[in-house]
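Please look over the model below.

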Amino acid sequence: MADIQFAIVADIGGTNARFSRVDLDSLHLDKVAVYPCADFDTLSDALQFYRTEQGLTEIRHVALAIACPVTGDFVKMTNFRWQFSVSQMKADLDLAEFIVLNDFTAVAMSLPALKQTELVQIGEGHADQFKPMAVLGAGTGLGVAHLIPTALGYLPLPGEGGHVDFTAQTEQEWFIQRFLANKYGHVSPERLLSGPGLEDLYLAIAAFNNKVVEPINAAQIAGKALDGSCALCKAVIEQFFASLGGLAGDLALTLSTFGGVFVAGGITPKLLSLINQSEFRTRFEAKGRFQDFNRRIATFVVTAEQPGLTGCAVYLKQHMAS
């Protein structure tokens with residue numbers, strides 16, 4: 001790849017900013033650093049701090065994934081205060097290449113590079129690496145993207161599928177929909193399938209069962225569900241996986257994703273021991289006349305630590321090669 005061996009890649013979420021150096025020949029990541037976004041006034045400050053701290057100021061090729069739509073030069077985060085001009089930041093930091101991607105566009109680009117040991121299949125189905133793929137994942141928010149294999153490489157399809165309409169299918173879900181509509185107005189899947197979503201589900205399911213509870217945070221809900229100490233917390237995670245499976249099945253239908261549907265994000269891998277006991281795969285397949293269609297499609301949980309960083313590296317390598 002010309003004479004450029006190393007680049008910097010970054011994955012910017014609503015809570016943490018992750019940075020790494022990447023060898024563009026091997027896609028090996030090193031010098032990984034994770035900083036709380038709140039520690040910096042701007043993204044530019046965070047990137048420059050990383051370059052200086054790691055002694056990488058000579059590296060002038062950067063690819064960055066960020067948790068918000070990327071539709072032009074001006075980028076504004078959905079769940080954090082950072083905003084910036086891509087061209088201005090490139091000039092300010094004297095970069096030769098500065099690529100900014102939606103965070104789940106980057107995760108989608110990582111899929112062909114993931115090892116089998118970084119994937120856990122849920123249920124049946126077969127993945128054809130030459131067919132379209134979908135990825136979704138819950139963390140601070142809910143990301144969605146697709147990936148299309150082509151003769152010239154991989155084409156990522158960014159989108160904001162986490163903000164479509166949430167579809168209720170059970171009595172409990174109709175109650176949750178009304179509960180969240182009273183609080184937010186529009187109810188999207190992200191209102192359930194995210195860290196804040198777990199916290200709202202806890203209150204909504206308690207209310208559905210006529211229980212009065214004090215709010216607890218997402219980490220506490222997950223922990224109590226995992227250790228079996230709280231029936232309400234377990235019910236929250238069961239609802240989370242049911243809704244996640246339903247949305248994953250919708251994505252499979254939308255683009256005939258016979259390359260597989262992949263679940264990433266920070267929440268699901270931590271709850272992996274509970275997913276097979278849930279309705280995730282049942283709801284993925286429960287698509288009426290197209291149940292057999294979805295049954296053929298494989299679903300996986302991505303357990304790789306830094307798929308966003310890997311995806312940025314794959315995208316940058318493909319971009320520079322073209």
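## A buried leucine

Leu309 counts as buried, because its relative accessibility is 0%. This is a predicted model, and the values here are computed from it. Leu309 sits in helix α11, which spans residues 307-321.

What does Leu309 touch, leaving out residues up to four places away in sequence? The contacts are Val9, Ala10, Asp11, Arg18, Phe19, Ser20 and Leu29. Take Val9 as one case. Val9 and Leu309 are separated by 300 residues in sequence. In space, their C-alpha atoms are 5.8 Å apart.

## The sheet

Five strands make up an open sheet. Their order is β3-β2-β1-β4-β7, and the pairing is mixed. Which strands stand at the edges? They are β3 (28-36) and β7 (97-102). Each has a single partner strand, so one side of each lacks a neighbour in the sheet. On average, neighbouring strands are turned by 15° against each other, direction ignored.

Strands of a sheet pair through backbone hydrogen bonds, in either a parallel or an antiparallel way. Strand β2 (residues 16-23) and β3 run antiparallel. Seven bridges join β2 to β3. For Arg21, the bridge partner in β3 is Asp30.

## Helices on the sheet

Helix α1 covers residues 43-53. Helix α1 lies across β1 (6-12), β2, β3 and β4 (61-66). Its direction runs at about 130° to β3.

Helix α3 (residues 103-110) also packs on the sheet. Here the strands touched are β1, β4 and β7. The direction of helix α3 makes about 95° with that of β7.

## Cysteines

How many disulfides does the structure hold? The count is zero.

Start with Cys68. Its closest cysteine sulfur is in Cys37, at 11 Å, which is too far for a bond. Cys68 is buried, because its relative accessible area is 2%.

Now Cys233. Its nearest cysteine sulfur belongs to Cys230 and is 3.0 Å away. A disulfide needs the two sulfur atoms within 2.5 Å. Cys233 is in no disulfide. Cys233 is buried, because its relative accessible area is 0%.

Terms used: Residues are numbered from 1 along each chain as its sequence is written. This is a predicted model: local features need pLDDT of at least 70, side-chain atom pairs count only at pLDDT 80 or more; totals for chains, interfaces and linings use all residues. Side-chain values use heavy atoms; hydrogens and water are left out. Helices (H or I, at least four residues) and strands (E, at least two) are DSSP runs, numbered from the N terminus. Buried means under 20% relative accessible area, exposed over 50%, partly exposed in between (1.4 Å probe, protein chains only). Contact means heavy atoms within 4.5 Å. Two strands pair if DSSP finds at least two bridges between them. Axes are lines fitted to C-alpha atoms, for helices over the stretch in contact, and angles run from 0 to 180 degrees between N-to-C directions.
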